[in-house]
Amino acid sequence: MFSMIQTSKTEFLDMARAAREERKGQKERERATIVIQAVVRRYLCRCRLLREIRLEIDDFFDVGESISSKRSALVVFKIARKLLFVFHVKEDKERLQKLCNCVLNSMEVENEPKPDILQDAKFITLYLTVLITFTDASNWKILKGK
């Protein structure tokens, strides 16, 4: 009788251990499923975003070609920023060429800031100073030794 109680106790502990292992495995499978779903959703969302941005860029250039109007530098800058975000050499080579043409055409637009206006001159001076500072690495304090 004593051995029968010990056997049933051992069987009970084995069953409890097996159930615990099964629950642990189930939780791991659920976590793995969630990670896989998150990765796939992120990939699909990024693909959709890239496609929408490229369509927006194409629409911008298509409208520009049909109207043949010159655009301001700010509008061209916003499109250039979007193109650089999605740029891939094989897919976006033609878009880059259109952007370069658009940049050259936007240089001739009359509604750009004029340095003879005091407020515009301040902004232009500020922007040029920032540009020079960022492009001249010899002025960067982080690169200078302590």
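Residues are numbered from 1 along each chain as its sequence is written. In this predicted model, local features need pLDDT of at least 70 and side-chain atom pairs count only at pLDDT 80 or more, while totals for chains, interfaces and linings use all residues; side-chain values use heavy atoms, with hydrogens and water left out.

**Exercise 1.** State how many helices and strands the chain has, and in what order the elements run.

Solution. Helices (H or I, at least four residues) and strands (E, at least two) are DSSP runs, numbered from the N terminus. The count for the chain is four helices and zero strands. Read from the N terminus, the order is α-α-α-α.

**Exercise 2.** Classify F60, F61, R95 and K98 as buried, partly exposed or exposed.

Solution. Buried means under 20% relative accessible area, exposed over 50%, and partly exposed in between (1.4 Å probe, protein chains only). F60 has 11% relative accessibility, so F60 is buried. F61 is buried because its relative accessible area is 5%. R95 has 15%, so R95 is buried. K98 has 22%, so K98 is partly exposed. In the chain of 146 residues, 14% count as buried.

**Exercise 3.** Describe the surroundings of R95.

Solution. Begin with the location: R95 is in helix α3, which covers residues 89-106. Next take the polar contacts (a pair of N or O atoms within 3.5 Å; within protein, one must be able to donate a hydrogen and the other to accept it, and residues adjacent in sequence count only if both atoms are side-chain atoms). The side chains of R95 and D58 are joined by such a contact of 2.8 Å. The R95 side chain also reaches the backbone oxygen of E91, at 3.0 Å. Last, list the contacts (heavy atoms within 4.5 Å). With neighbours within four places in sequence left aside, R95 touches R54, I57, D58, F61 and L83.
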